[in-house]
Amino acid sequence: MPAAAEAAPFNNATIRRIIDGREVFIDRREATVEDTANHGQELSTGNSRAEVLFDRRALGFLGNNSLIRLGEDCFRLDRGQVLVNGPQNTCLGTKVLGIRGTTYVLSVK
């Protein structure tokens, strides 16, 4: 299988667009378009939503009041919802889920 089609870990997420205000944060500090969250950091939203580019390979859309943590093997959604399109790994509990180039929504209450 070509490398571009394999699931990839998320080590960074660059903010491409902020929708409905300015409440997007990296490690609880206000972020702006083109800011990047890296391995080990949190990316969160308040009343806003955000379009992000994961490792220049997959697009994500964070809903309002969402929180993701970028990790070595995946990203972990702690709160809210995220729509992801592209090859990526997602952590669900103690499992790592590898998805190859599809679109899905992950939601945590």
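Predicted model: local features only at pLDDT ≥ 70, side-chain atom pairs only at ≥ 80, totals over all residues.
Figure 1. Residues are numbered from 1 along each chain as its sequence is written, and side-chain values use heavy atoms, with hydrogens and water left out. The protein chain has 0 helices and 10 strands, where helices (H or I, at least four residues) and strands (E, at least two) are DSSP runs numbered from the N terminus. Along the sequence the pattern therefore reads β-β-β-β-β-β-β-β-β-β. Of the 109 residues in the protein chain, 40% are buried; buried means under 20% relative accessible area, exposed over 50%, and partly exposed in between (1.4 Å probe, protein chains only). Among contacts (heavy atoms within 4.5 Å) with a separation of 6 or more, 46% link residues 24 or more positions apart.

**Figure 2. Strand β1 and its two partners.** Here we look at β1 (residues 12-19), which pairs with β4 (residues 36-38) in the antiparallel sense over 3 bridges. Two strands count as paired if DSSP finds at least two bridges between them. On the β4 side, T14 stands opposite T36.

**Figure 3. A stacked pair of phenylalanines.** Aromatic pairs are rings of Phe, Tyr and Trp (its six-membered ring) with centres within 6.5 Å; planes under 30 degrees apart count as stacked, over 60 as edge-to-face and the rest as tilted. That rule gives a count of 1 aromatic pair. The partners are F54 and F75, stacked at 5.4 Å centre to centre with 5 degrees between the planes. Because F54 lies in strand β6 and F75 in strand β9 (residues 75-92), the pair ties together parts that are 21 residues apart in sequence. Both F54 and F75 are buried.

**Figure 4. S44 and its surroundings.** S44 sits in strand β5 (residues 42-45). With a relative accessible area of 11%, S44 is buried. Setting aside neighbours within four places in sequence, S44 is in contact with E23, V24, F25, S66, L67 and R79.

**Figure 5. F61, partly exposed on β7.** F61 belongs to strand β7 (residues 58-62), and its relative accessibility of 29% makes it partly exposed. The C-alpha atoms of F61 and E51 are separated by 4.5 Å, although these residues are 10 apart along the chain. Not counting residues up to four places away in sequence, F61 touches R17, A50, E51, Q81, V82 and L83.

**Figure 6. Two loop residues with positive phi.** Some background for this view: most residues other than glycine have a negative phi. D20 has a positive phi of about 65 degrees although it is not a glycine, and D20 is found in the loop between β1 and β2 (24-26). R28, also not a glycine, has a positive phi of about 70 degrees. The place of R28 is the loop between β2 and β3 (29-30), where R28 is exposed with a relative accessible area of 72%.
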